[in-house]
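Keep the viewer open and follow along.

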Amino acid sequence: MDYEALDFYEVDSLLSDEERMVRDMVRDWVDEEVIPNIENACREGIFPDEWRVALGEMGVLGAPLKGYDCPGLSYTAYGVICRELERGDSGLRSFASVQGSLAMYPIWDFGSEEQKMHYLPKMASGEWIGCFGLTEPDYGSNPGDMITKAEEMEDHYILNGAKMWITNGTMADLAVVWAKLDGVIRGFIVEKNDPGFSAPEMKGKHSLKASVTSELVFQDCKIPKDRILPGVKGLRGPFSCLNNARFGISWGAIGAAQACFYSAKDYALSRIQFDHPIASYQLVQNKLSWMLREITKAQLLAYHLGQKKDDGKWIPEHISLAKMNNVDIALEIARVARDIHGANGILDEYPVMRHMANLESVKTYEGTHDIHNLILGRHITGIQSFTREI
Amino acid sequence: MRFTIIAEMNGDLLHPTTYQLIGAISEIGSESIVICPNGKGSSEASKIKGVEKIISVNGDCFDLFDGSAWASAINSVCEGTIVASASPNGREIGSIIAAKRKIPIIQDVTAISSGITVTRPIYSGKATETLKINGDSVITLRPNAFESAEVGNDAPISIVDQTSDVRVAVIEAINKASERLDVTEADIIISGGRGMGSIDNFSHLESMADTLGAAVGASRAVVDEWGMPHRMQVGQTGKTVSPSLYIAVGISGAIQHLAGMRSSKYIVAINKDPDAPIFTVADYGIVASWEEALPILKSELMKLS
Amino acid sequence: MNIAVLLKQVPDTTAKITISNGKVDENSVSKWSMSPYDEYALESGLKMKEATGGNLIAITCGPERTKKMLTDAAAVGADTLIHISEDKVLDSTQVQNLLATVINNNEIEVVLCGKQAADTNAGSTGPGVAEILDAACVTMVSEVSFSENSFISVRPSNTGTEKVSTSGISVFTFDKGLSELRRPNVRGIMMAKKKVIETIKPEELGLGEDSDRIILQTQDSPAEKEPGQIFEGVGEIPTIVSKLRNEANVI
């Protein structure tokens, strides 16, 4: 069966021709190269290098960035790319999110002209992989209290500390690392061969198995002076990266949900129990109808957010709502799809349990579901409730 | 209304399709002029009922296949509605003759009635269309879609010598053992499952596949347990295929396998177990062991070619 | 060298075909695509263009929706896009005349197209156009190259394949080729979007309307298959084989 993306309200008809062409390009690639190989990649716990090469060749890395050999697409196109990649696997979309929104974007927005010229073209082509070091073992939702620090020496900086849950870490050529310099959060570019830097891989994940997750360890790590990002100070730096990545996730989750819906519908129509396809039973139809309803709402949310992002009329809370909602429904859709597949749903012959396990991570990373609730709570009431100090 | 048939050849003999072309035109009440390129098969053709006369067109232009040269030579003796086989060569010659005569061509016709009205499949058989043709045209008929004409005639044979320019030169013939097709591109697939007993028994499927020009596929169990190449696997995690004919041998038909092949146009299943789920999707099911069924199936198929 | 590639847009081979009121409902086709064999012709044309420094002209004939396919061709490297704008279904002679006229107007040395389009699977266009152009024609080729003023192509033969040469203007129809089809990329898509599609009306080519020689009477769904039949033992195998041959037409 060839993939038919659920698009009940024909939201994709609102896309520009260019956005639709990009969609078809990525969708075809995912069909031909990702889906036949994803289970193997998960089993081996690797991110296939051919995928890095192909993403670079297609020219989708750093999609919405302009200049420096970057694609220069709309944010909506970036969303569409994330959706199509995540229809394949959340780990694949994570790779692209981290490369584009978390590693390329801060260099593009806050880097010096020399840094942009040096890094961005090779990152857009996929030749260099980037990662993003913000989260620490003891500071996840609360990055402001991070421990990693930088000291300014005569002709270099010294970094000390550790980051955790870093996508692409071990395979990265460079890391954008957030550390405190004289108590103020600053961004630094650390290259893989810098002395005192290592990036051991974290093993044993039950989720995002085709994605590399690492620790970043800095032990008197020495980097040249020109590696500080001059354009930003404080949490605004990492948060602006996260806004873009979260935007991509709000689209990406729809891709995973569409894949689960598609598999569940196909399975329900072909699985015969009590002499009839299970799709003919009301309980199953109720599940499919609910899936269609939630996917359709998520699509409208993502599309409208894309328009706001492209028009520059957005606030971070808009993105929080979309990330929180769309991942939440995608995860629930994956669970229900697994249920419709019965015992077969636990096999790797069907994509549903892989998506389900992946989405558990997606729910937690880039601002947990609950943190996004608190962001919206603060927006509604004007009262922050992250800490006890009110 | 006059009909000219271009005989389809199989080496020096008439291809069985030629009988069908003549049969189809007889069926709508007309006799045909039959053109035999390079004279081959002309005396055989003169004995077929429904043939008015044979024109044997001779010339060196028939020494190798150049559609344009063949069409030029044949065109000179055509009249009325021109009928050819929807084989690759028939289609090409027909197209060129149609262009020469500035008349339309309808290819791959599966039914014809007087008037004339033709039916052809469109969208790979997902629909059919019926067309009324005004005036002369070229039509090519699908092999095996029409009844063959019978023998019992003695039509006159005339011989015409023709020359025409050959613009295609063969510079190198590359002989190769026919490679077995990949399951994703084959029009016929013969797949084996655990019921084949062991990987060695796949040789029986392979020899049958060679008879049919088919690809050999396998179920997941066989790929996982016996180490058949993954590219042969048909099913949920293997290839999704939709050939014209899918023959499942010793495959029980788990839902994961059915997901990969149920859109095949025709499905034949051979399985010992009458309750095997594969029979729920089969057009023709044979409840028997493969050891019994394959030799008979193979000999029946051999009779056709 | 000017290389023409003739392209046809067809319902994607995976798309459902719906019939309503005795006609295929084109509006219900979920996806229109470049006909698969045409993709191989385009790929070969792009290779030839790269090898000879030529100009690739993609030509199609059909309604407004077919322009999207031309833009797709530009995204992988077609230089010039020509759309013969025609909403009606034309017969084979009419289509071939339009294409041949455009080819003649563009000083083209080689014409590539698919061996047949996935809608009617006819295969008339390539040979027919060749005849009108008075060009050499080789059908069902898997590859074509140009050297020392002649085209070398590979086509099937009774014993395998054969290399054949043609000179002067030549038409090649493609079977599935050996090479992998190239994928577009974002840069190609951005450039394609800016590319102007030259639209020509059949009247502008000086081709008068013929009277309708082919009249569509009806389009139908294929006959329903009989329900599956299960036979105990091997006795019915000859019947099954004969049905597959004579009724199903699959062997």
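Let's begin with chain C, where buried residues make up 48% of the 251 residues. Bear in mind that this is a predicted model. Chain C has six helices and 16 strands, and among its contacts between residues at least 6 apart in sequence, 71% join residues at least 24 apart.

Chain A can be set beside it. Its secondary structure comes to 11 helices and nine strands. The radius of gyration of chain A is 21 Å, close to the 21 Å that the globule rule gives for 390 residues, so chain A is as compact as a globular protein of that length. Here are some overall values for the two chains.

| Property | Chain | Value |
|---|---|---|
| Span of the C-alpha trace along principal axes | A | about 80 × 50 × 40 Å |
| Box of C-alpha atoms along principal axes | C | roughly 65 × 45 × 40 Å |
| Buried residues | A | 51% of 390 residues |
| Buried residues | C | 48% of 251 residues |
| Contacts (residues at least 6 apart in sequence) joining residues at least 24 apart | A | 76% |
| Contacts (residues at least 6 apart in sequence) joining residues at least 24 apart | C | 71% |

Back in chain C, have a look at helix α3, residues 92-105. The buried ones include C:Q94, C:Q96 and C:N97, along with C:V95, C:L98, C:L99 and C:I103. Just past the end of α3(C), C:E107 takes a positive phi of about 45 degrees.

Now for where chain C meets chain A. The contact takes 12 residues from chain C and 13 residues from chain A. On the chain C side, α2 (67-76) and α5 (186-194) each supply at least two residues. Helix α5(C) gives the largest share of that side, with five residues. By type, the chain C residues touching chain A divide into five nonpolar, three polar and four charged.

One spot in chain A is worth a click: A:L292, which sits in helix α8 (residues 282-311). With 15 other C-beta atoms within 10 Å, A:L292 counts as partly exposed. Leaving out residues up to four places away in sequence, A:L292 touches A:L6, A:F8 and A:F261. As for A:E366, its C-alpha lies 26 Å from that of A:L292, and the two are 74 residues apart in sequence.

Finally, there's a sheet with strands from both chain B and chain C. It is an open sheet of six strands with parallel pairing, in the order β15(B)-β14(B)-β16(B)-β17(B)-β18(B)-β16(C). Which strands stand at the edges? They are β15 (215-218) of chain B and β16 (229-232) of chain C; each has a single partner strand, so one side of each is left without a neighbour in the sheet. Neighbouring strands of this sheet are turned by 15 degrees against each other on average, direction ignored.

Within it, β17 (residues 266-271) and β18 (residues 284-287) of chain B pair in the parallel sense over four bridges, and B:V268 stands opposite B:Y284 in β18(B). Helix α5 (residues 202-212) of chain B lies across β14 (188-192), β15 and β16 (245-249) of chain B, running at about 175 degrees to β14(B).

Terms used. Residues numbered from 1 in each chain as written. Chains lettered and ligands numbered in written order. Predicted model: local features only at pLDDT ≥ 70, side-chain atom pairs only at ≥ 80, totals over all residues. Buried ≥ 20, exposed ≤ 12 C-beta atoms within 10 Å, placed from the backbone. Contact = placed C-beta atoms within 7 Å. Rg over C-alpha atoms; globule rule 2.2 N^0.38 Å. Pairing = 2+ DSSP bridges. Axes fitted to C-alpha atoms, helices over the stretch in contact; angles between N-to-C directions. Nonpolar A, V, L, I, M, F, W, Y, C, P; charged D, E, K, R; others polar.
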